[in-house]
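This briefing walks through one structure by topic, beginning with a single side chain and its surroundings and ending with the contact between two chains. Please keep the sequence and the model open while reading.

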Amino acid sequence: MNIRTESVRAPGYLATLAARERWGRSEIAFWLVLVAVYFLLPNNLMFASQILITGLFALSLDLILGYAGIVTLGHAAFFGLGAYTAGLLTKTGYTEPASGLMVAGLVAGAFGYLSSYLVLRGRDLSRLMITLGIGLLLYEVANRATDITGGVDGLQGIAVGKVFGLFAFDLYGKTAYLYVLVVSFLLFVMVRSLMTAPYGLSLRSIRENQQRAVAIGIPIRARLTNIYTLSAVIAGIAGALLTQTTQFVAIDVFAFQRSADLLIVLLIGGTATLYGGFVGAAVFLLAQDWLSSINAEYWLFWLGLLLIITTRYLRTGVMGGLKSLQRLAARAKPGEES
Amino acid sequence: MSAVLRTQDLCKSFGGLKVTQNVNLSLEVGARHALIGPNGAGKTTLINQLTGVLRPSSGSIWLDGEDISKMPPYERVRRGLARTFQINSLFPNLSPLEAVTGAICERQRDHLSVFERRFFRLTHRRAEIDEAYELLERLNLAKDCMRETRELAYGKQRLLEMALALAVKPKVLLLDEPAAGVPEGESDELLAVLAELPKDISILLIEHDMSLVFRFADRITVLVSGTQLVSGTPAEIAEDPRVQEVYLGKHHG
């Protein structure tokens with residue numbers, strides 16, 4: 001009965017809030033491009049899967065770093081746990097990948113939940129050290145437990161079954177790409193709704209000002225534990241995806257370098273933008289691929305340069321740069337308000 | 001008279017330094033109670049114990065007949081104990097509407113299932129948004145409700161401090177120098193808001209500005225070196241020789 005009057009006087013602030021939540025055209029385009037990749041670049045699907053997996057991993061970091069403001073240098077711990085869990089699971093004879101992902105996510109999540117009590121206690125610097133410590137610890141465990149993990153030789157001979165018993169992985173990575181894409185999309189949709197809900201608002205509030213967040217009644221510890229665990233689950237699933245699509249687990253899934261690269265990926269792409277992780281992964285891996293094909297030794301030089309430029313001039317990464325461009329374009333068009 | 005907020009023999013010391021000594025504060029329902037005292041008297045330390053940021057060394061704190069001494073800060077907020085900060089403590093990159101809506105959603109979270117809390121988008125919470133807007137309107141912040149907080153004028157930010165505290169629907173509101181730093185021209189707006197706060201909210205006001213204290217408070221407690229020197233009506237306090245000596249005397253000397 002009130003619908004009409006309500007829509008008539010639907011105030012401006014509501015429209016603005018709603019517009020932020022709606023799927024934008026560029027968002028839809030983003031996912032369509034990923035679908036198009038399947039058809040347009042059939043020879044590069046393995047590489048494209050790697051980008052998506054790295055992007056998903058970076059998305060998990062974005063949840064805690066970008067939205068909740070928790071710094072970490074050991075996020076590879078969860079990625080590695082997921083990767084090994086998925087690999088070891090197939091050794092027991094259970095090879096269905098989709099449920100393997102869930103198991104990997106659960107294991108990584110359980111570890112994330114437990115380690116959150118160590119990590120969240122401290123401030124930024126101690127968080128960096130503790131996450132770094134946990135990462136090193138797991139690396140060494142995987143290194144020593146050669147009977148289980150294969151040590152530095154990696155976990156080999158992983159047989160991955162058909163997805164849901166229906167879709168077999170092929171040599172070209174076609175199934176693998178679609179599989180990774182679907183999983184990434186589903187997780188992304190989940191993350192997106194979390195972040196547009198008051199839940200996401202409360203995380204941003206905590207990042208912005210803990211003192212005030214407490215004063216408006218947000219149970220900070222519980223909320224951070226919660227998001228840290230979810231982030232671990234997603235990182236674990238990303239690790240499991242890598243195992244299943246490459247049928248191999250290298251010990252460097254736990255490497256410090258992976259955690260550090262991940263930070264770079266997210267910072268290049270832009271934090272707290274949801275897409276920064278994927279965009280950063282694409283930029284990072286494509287640049288790495290291209291630059292090291294020109295000269296393998298100098299890749300780090302260019303990476304360093306890229307990092308300095310993006311953090312200095314595009315404070316919120318590539319996504320931030322794109323947004324400013326969009327704003328400029330909108331201003332250039334007369335009669336349109338930004 | 002019944003006390004909505006009460007401390008019993010509250011003590012706090014940092015090492016050998018006693019910053020709160022046997023404070024028995026009693027805030028009546030609907031009171032406009034001011035807490036005054038020279039710098040370093042332990043006013044902010046007392047507030048921090050009330051809100052749960054600091055743990056008292058001994059003694060207890062009671063809100064509405066319930067011992068809240070050991071509750072974490074957010075539980076106290078949920079039971080209706082809100083505060084503002086002496087130095088603005090806001091969310092610089094959120095808009096006032098988002099910030100206040102967030103606070104209201106937090107208050108209302110028990111009405112929703114876990115799934116609804118996590119996955120229903122913000123605009124689904126129409127009632128909370130409307131309530132937030134009305135509150136901001138009452139505090140003359142409606143026009144700026146979608147701007148980023150850091151872009152607001154200082155006086156407006158001061159009002160937003162108040163709005164965030166009121167969003168909690170407090171029984172007791174602790175105002176920590178609400179007029180601090182507000183320039184002359186903008187302070188009228190704030191004073192009007194203070195005067196119009198609902199009578200069922202009991203207020204403990206910490207303030208340096210004596211003209212504001214005597215205009216606003218119906219009861220005053222003087223705190224000196226962590227101890228409660230005297231409590232009484234404004235008239236009694238103004239007459240009290242001890243107060244004149246330790247507090248007002250300082251101004252003259």
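**Briefing on the predicted model**

Leaving aside residues up to four places away in sequence, B:Leu159 touches B:Leu139, B:Asn140, B:Leu141, B:Glu189, B:Leu190 and B:Val193. The model is a predicted one, and the points below should be read with that in mind.

**Around B:Leu159**

- B:Leu159 belongs to helix α6 of chain B, which covers residues 154-166.
- Because 25 C-beta neighbours lie inside 10 Å of B:Leu159, and 20 or more is the cut-off for a buried residue, B:Leu159 counts as buried.
- From C-alpha to C-alpha, B:Leu159 and B:Leu194 are 9.9 Å apart in space, although 35 residues separate them in sequence.

- Strand β8 of chain B, made of residues 172-176, is mostly covered, since five of its five residues are buried.
- In a regular strand, side chains alternate between the two faces of the sheet.
- In β8(B) both faces are covered, with B:Val172, B:Leu174 and B:Asp176 buried on one side and B:Leu173 and B:Leu175 buried on the other.
- Strand β7 of chain B (residues 81-83) pairs with β8(B) in the parallel sense over three bridges, and B:Leu81 has B:Val172 of β8(B) as its bridge partner.
- Strand β9 of chain B (residues 202-206) also pairs with β8(B) in the parallel sense, here over five bridges, and B:Val172 stands opposite B:Ser202 of β9(B).

- Most residues other than glycine have a negative phi.
- B:Glu177 is partly exposed, because 19 other C-beta atoms lie within 10 Å, whereas 20 or more would be needed for a buried residue.
- B:Ser225 likewise is not a glycine and has a positive phi of about 45 degrees; the loop that holds B:Ser225 runs between β10 (219-224) and β11 (227-232) of chain B.
- With 15 C-beta neighbours inside 10 Å, B:Ser225 counts as partly exposed.

**Helix α12 of chain A**

- Helix α12 of chain A, residues 220-246, has 27 residues and reaches 39 Å from its first C-alpha to its last, which is close to the 39 Å expected at 1.5 Å a residue.
- Since 21 of the 27 residues of α12(A) are buried, this helix is largely enclosed by the rest of the structure.
- Just after α12(A), A:Gln247 adopts a positive phi of about 55 degrees.

**Chain A as a whole**

- Chain A has 16 helices and zero strands as its secondary structure.
- The radius of gyration of chain A is 21 Å, which agrees with the value near 20 Å that a compact globule of 338 residues would have.
- Along the principal axes, the C-alpha atoms of chain A fill a box of roughly 70 × 50 × 50 Å, and 44% of its 338 residues count as buried.
- Of the contacts in chain A between residues at least 6 apart in sequence, 77% join residues at least 24 apart.

**Chain B as a whole**

- The secondary structure of chain B comprises 10 helices and 11 strands.
- Chain B has a radius of gyration of 19 Å, close to the 18 Å given by the globule rule for 253 residues, so chain B is as compact as a globular protein of that length.
- The C-alpha atoms of chain B occupy a box of roughly 60 × 40 × 35 Å along the principal axes, and 42% of the 253 residues count as buried.

**Where the chains touch**

- The contact draws 33 residues from chain B and 26 residues from chain A.
- On the side of chain B that touches chain A, the elements giving two or more residues are α2 (73-78), α3 (96-107), α4 (114-119) and α5 (126-138) of chain B, and α3(B) gives the most, with seven residues.
- By class, that side of chain B has 20 nonpolar, four polar and nine charged residues.

Key. Residues are numbered from 1 along each chain as its sequence is written. Chains are lettered from A and ligands numbered from 1 in the order in which they are written. This is a predicted model: local features need pLDDT of at least 70, side-chain atom pairs count only at pLDDT 80 or more; totals for chains, interfaces and linings use all residues. Helices (H or I, at least four residues) and strands (E, at least two) are DSSP runs, numbered from the N terminus. The expected span of a helix is 1.5 Å times one less than its number of residues. A residue is buried if 20 or more other C-beta atoms lie within 10 Å of its own, exposed if 12 or fewer, and partly exposed in between; C-beta atoms are placed from the backbone. Two strands pair if DSSP finds at least two bridges between them. Two residues are in contact if their C-beta atoms, placed from the backbone, lie within 7 Å. Ala, Val, Leu, Ile, Met, Phe, Trp, Tyr, Cys and Pro count as nonpolar, Asp, Glu, Lys and Arg as charged, and the others, Gly among them, as polar. The radius of gyration is taken over C-alpha atoms; the globule rule is 2.2 Å times the number of residues to the power 0.38.
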